[in-house]
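Have the structure open while you read.

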Amino acid sequence: MANALNRVVVRAPGKINLSLAVGAVDDRGYHSLATVFQAVDVYETVTATQQDELTLSVDSDVPGEVPLDGSNLALRAAELLRSERGVTAGAALHVHKQVPVAGGMGGGSADAAAVLVALDRLWGLELPAEELRELGSRLGADVPFAMLGHTALGRGTGADLTTALTHGEWTWLLAFPGGHLSTPAVYRRHDEIARSVGRVLPEHPEIEELQFQALSSGDAPLLGRTLHNDLQSAAFALHDGLEPVVEHAQRAGAYGAMVSGSGPTVAVLVEDREHAQEIGEELRAARLVDSYLVARGSAAGASVLDAG
Ligand code: ATP
C-alpha cells in the first residue's frame, strides 16, 4: 500500500431525478427504484488530510443541520473503507457543503462518494471504480451515482447504472419552498396512495426511453414534458407549498417542473439562465419559495481537484 500523499481534495456533485419510478418493497424494507439521475454543477468538496485519528469537520454555504457524529455519511464512508480494506490509518476529513441539506439533492451521498474517492487516493488503495461504487451502494442508493456523475439510469441498490448519451447542457431552476420533508414519511405516504389505487409495481420504461431520446438529441421541451416522479403526489400531500411552485413554473413557460426525489426541492427545466432567474424572482416575490438557485447539468462525478 503506497502512502505518499498528505492531502487529497475531491468534489462531488448534487443531483436531481429526471424520473423516479418507485416499485414494491423487498424483504429488507427497501423499495425497488428506477430513476434517471442528472448531476448538476452544485458541489460538495471534501479535503482529506493524513492523520492518525479519523475526524470530521464541516462548513456550509447552505442552511440545515448536519450531524457530526458517526451517523454522518462522510464518516460512515470512511469507516466502511477502513473495515473493508483493513486500513489502520486515519484522516482529517473536512466537508465544504454547497448542496442544500435535506433537499432531495443527495448532498450527504455526494459527501460519501467524495470521501471514498479521496481516501482511496490518500491511503494508496487504488480500488477499481466499480468496487468503490459497490462500496458506495452499501451507504445509499445515490452514492454510486455521485461517483459516476453526468446523466444515468439507476436501478436496484444504486450500483447498477447506465449512462445516458447527452447533447448540450440543461438549465435548471432549483426552488426551495422551505419546510422539511422526511424521506421515510414521503415513501410511507406513497405506499398508502399506491395501495389505495391498487398499484403494486409501477414501471414506466417508456418514460425512461423518451428521456434518453430527449437527452441524446438535446431536446429540452421533450425532456420537460417527460419529467416524472412517482413520489410527487405523496410530497404534495405532505407539504402544501409544493404544488403551487410547480404550477407557477409551468404557467411561467418552463419546459417542465416537478418535485425532485423526495423533495422538497422543486426542479424546473428552463431555456436559459435568464429565464431561470426570472421565474425564481417571481416565486420569491409571491413568497412561494425561500430561496432558489440556478444550476447546469450534466456535471462530472466525484473528481480529484488536488492531491499532494
Ligand atoms: P435523502 O434524500 O438521501 O434522504 P437528501 O439529499 O434529501 O437525502 P441530505 O442533505 O443528503 O439530503 O441529508 C439528509 C439527512 O441526512 C440530513 O438531514 C442529515 O440529518 C443526515 N446526514 C448524514 N450525513 C450527512 C451529510 N454528510 N450531509 C448532510 N446530511 C447528512
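1. Leaving aside residues up to four places away in sequence, Ala141 touches Leu33, Thr157 and Gly158. Keep in mind that this is a predicted model. Ala141 itself sits in a loop, with helix H3 (129-137) and helix H4 (143-148) on either side of that loop.

2. Is Ala141 buried or exposed? Ala141 counts as buried because it has 21 C-beta neighbours inside 10 Å, and the cut-off for that label is 20 or more.

3. On to the domains. The protein chain splits into domain 1 (7-163 + 298-307) and domain 2 (170-297), so watch the numbering when you make selections, because these bounds come from an automatic or database domain assignment. The C-alpha centres of the two domains lie 23 Å apart. Their contact takes 26 residues from domain 1 and 31 residues from domain 2.

4. Which strands supply the domain 1 side of that contact? Strand S1 (7-25), strand S2 (31-49) and strand S5 (151-155) each put in at least two residues. S1 gives the most, with nine residues. Sorted by class, the side of domain 1 that touches domain 2 has 16 nonpolar residues, nine polar ones and one charged.

5. Now the ligand. There are 21 residues around the ligand, and Leu73, Ala102, Gly107, Gly108 and Asp111 come nearest. Both domains take part: domain 1 and domain 2 each provide at least three residues of the shell.

6. What do the helices bring to that shell? Helix H1 (73-85) and helix H2 (107-122) each supply at least two residues, and H2 gives the most, with four residues. By class, the shell around the ligand divides into seven nonpolar, 12 polar and two charged residues.

7. Last, the annotation. An unreviewed UniProt entry carries "domain: GHMP kinase C-terminal" for residues 213-285.

How values were computed. Residues are numbered from 1 along each chain as its sequence is written. This is a predicted model: local features need pLDDT of at least 70, side-chain atom pairs count only at pLDDT 80 or more; totals for chains, interfaces and linings use all residues. UniProt positions are given in the numbering used here, feature names are shortened, and annotations may be inferred rather than shown by experiment. Two residues are in contact if their C-beta atoms, placed from the backbone, lie within 7 Å. Ala, Val, Leu, Ile, Met, Phe, Trp, Tyr, Cys and Pro count as nonpolar, Asp, Glu, Lys and Arg as charged, and the others, Gly among them, as polar. A residue is buried if 20 or more other C-beta atoms lie within 10 Å of its own, exposed if 12 or fewer, and partly exposed in between; C-beta atoms are placed from the backbone. A residue is near a molecule or strand if its C-beta atom, placed from the backbone, lies within 6 Å of it.
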